[in-house]
Amino acid sequence: MPEIIVALDVCQHDMPAFRTPHTLIEYHNTKGTEVAERLRHATIAVTSAVPITAETVAQCAHLKLVCVSIVGVDHIDVQACRARGIRVCSTPAATTEAVAEHAIALYFAAKRNIVRAHNWVLSGKEWELEPTGMTAYDRLPTPISQDTMGLVGYGKIGKQIEKFARALGMNVLIADRRGIPDASIRDGRSAFENVLRQSTVLVLTCPLDESTANMISEKELQLIQSSGIVINVGRGGLVNEEAIVAALKAGKIAGYATDVFPVEPATKQNSLLLSSDIPNLTLSPHLAWYSSKSIERQQASIQAIVDGFASGNCVNVVC
């Protein structure tokens with residue numbers, strides 16, 4: 001029997017050419033209320049950002065494989081899939097370089113206050129009144145050589161960011177898991193709290209799960225230096241939005257730059273970060289992964305996952 005492959009959000013990228021016999025049904029995007037109906041007859045689901053919940057799984061009697069075309073699978077109910085014997089596979093290495101580049105871009109944008117400086121010039125008022133653009137800065141920028149980057153998450157993306165940071169002349173600290181006793185900290189890593197205290201720029205790349213949800217909240221923000229910048233290219237739920245907004249408004253940290261949000265797409269109704277009165281904030285719409293090479297690798301990975309599954313040779317297995 002040919003596989004029935006349903007791609008839920010081809011707005012992210014086109015589907016590859018599969019070798020296994022199949023029928024391919026493509027949707028530009030899929031709302032949460034539409035997922036179960038669209039997957040009702042599917043044997044294989046391909047999704048980038050569209051969630052697949054336990055309720056959806058329960059309604060999809062024919063589903064055998066969920067292919068996730070991004071690194072994280074926190075929007076997939078893996079436990080429900082495992083209980084049903086549904087294989088879940090992801091594409092963990094497809095976007096590494098692009099996400100790492102974007103993290104560095106957010107670092108520079110936040111460090112040099114590029115968004116504020118851009119708006120300062122664009123207004124056409126301040127520069128005419130002031131002889132210098134230095135008033136666009138709250139703090140005197142420091143050189144890269146004085147920065148210490150703390151990495152929370154040391155998978156492929158974290159390692160690539162480390163390479164970039166060291167090439168730029170930064171000192172780099174790698175955080176071990178939160179709550180680990182000092183005696184259990186791995187070689188080459190530092191205690192989570194110490195990394196927060198010592199870093200001038202903290203970069204989050206770790207996955208979202210029960211152990212990392214809201215891992216940067218009021219308590220952790222109090223440990224970060226007032227000149228510190230937080231960069232998030234992991235998942236929005238790693239950072240407590242209410243706490244980060246309060247810290248920015250109070251000047252307790254120097255900046256927050258994020259490509260990810262707890263609810264996406266982010267709107268003024270579901271994200272505090274979209275308020276217009278938050279200083280030193282840099283946002284991008286979950287596009288850190290986006291590059292020509294990323295899409296090429298995603299398509300190759302999706303093809304390998306689907307064709308491998310059909311031939312009994314699964315790759316990139318999550319469960």
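How much space lies in the largest pocket? In this predicted model, the figure is about 1000 Å³. I shall begin with that pocket, turn to a second one, and then go through the strands and a few backbone details.

The largest pocket is lined by 41 residues, and those closest to its centre are Val71, Thr205, Cys206, Pro207 and Leu208. Sorted by class, its lining holds 19 nonpolar residues, together with eleven polar and eleven charged ones. Helix α7, residues 156-167, supplies the largest share of this lining, with three residues.

I now come to the second largest pocket. Its volume is about 810 Å³. There are 28 lining residues here, and Ala49, Val50, Glu264, Pro265 and His286 lie nearest the centre. The lining divides into 14 nonpolar, nine polar and five charged residues. Because domain 1 (3-94 + 292-311) and domain 2 (95-283) both give residues to the lining of the second largest pocket, this pocket too lies between them.

The peptide bond from Glu264 to Pro265 is cis, with omega near 0 degrees. Pro265 is located in the loop that runs between β10 and β11.

That brings me to strand β10 itself, residues 255-258. In general, the side chains of a regular strand alternate between the two faces of the sheet. In β10, Gly255 and Ala257 point one way, while Tyr256 and Thr258 point the other way, and all are buried. Which strands pair with β10? One partner is strand β9, residues 229-232, which pairs with β10 in the parallel sense over four bridges. The other is strand β11, residues 281-283, which runs parallel to β10 and is joined to it by three bridges. Tyr256 takes part on both sides: Val230 stands opposite Tyr256, and in β11 the bridge partner of Tyr256 is Leu281. Moreover, β9, helix α10 (residues 241-249) and β10 form a right-handed β-α-β unit.

Within β4, Val68 is the bridge partner of Thr47.

Finally, I turn to two asparagines. Most residues other than glycine have a negative phi. Asn113, although not a glycine, has a positive phi of about 55 degrees. Asn316 likewise has a positive phi of about 55 degrees and is not a glycine. Are these residues buried or exposed, or something in between? Asn113, in the loop between α4 (96-111) and α5 (114-122), has a relative accessible area of 12% and is therefore buried, the cut-off being under 20%. Asn316, found in the segment after α11 (292-310), counts as partly exposed at 33% relative accessibility.

How values were computed. Residues are numbered from 1 along each chain as its sequence is written. This is a predicted model: local features need pLDDT of at least 70, side-chain atom pairs count only at pLDDT 80 or more; totals for chains, interfaces and linings use all residues. Side-chain values use heavy atoms; hydrogens and water are left out. On a 1 Å grid over the protein atoms alone, a cavity is a set of points where a 1.4 Å probe fits but cannot get out, and a pocket is an open set with protein on both sides within 12 Å along at least five of seven lines; lining residues have an atom within 4 Å of a point. Grid points are joined across faces, edges and corners, and a volume is the space filled by probe spheres set on the points. Helices (H or I, at least four residues) and strands (E, at least two) are DSSP runs, numbered from the N terminus. Ala, Val, Leu, Ile, Met, Phe, Trp, Tyr, Cys and Pro count as nonpolar, Asp, Glu, Lys and Arg as charged, and the others, Gly among them, as polar. Domain bounds come from an automatic or database domain assignment. Buried means under 20% relative accessible area, exposed over 50%, partly exposed in between (1.4 Å probe, protein chains only). Two strands pair if DSSP finds at least two bridges between them. A crossover is right-handed if, with the strands pointing away from the viewer, the path from the first strand over the helix to the second runs clockwise.
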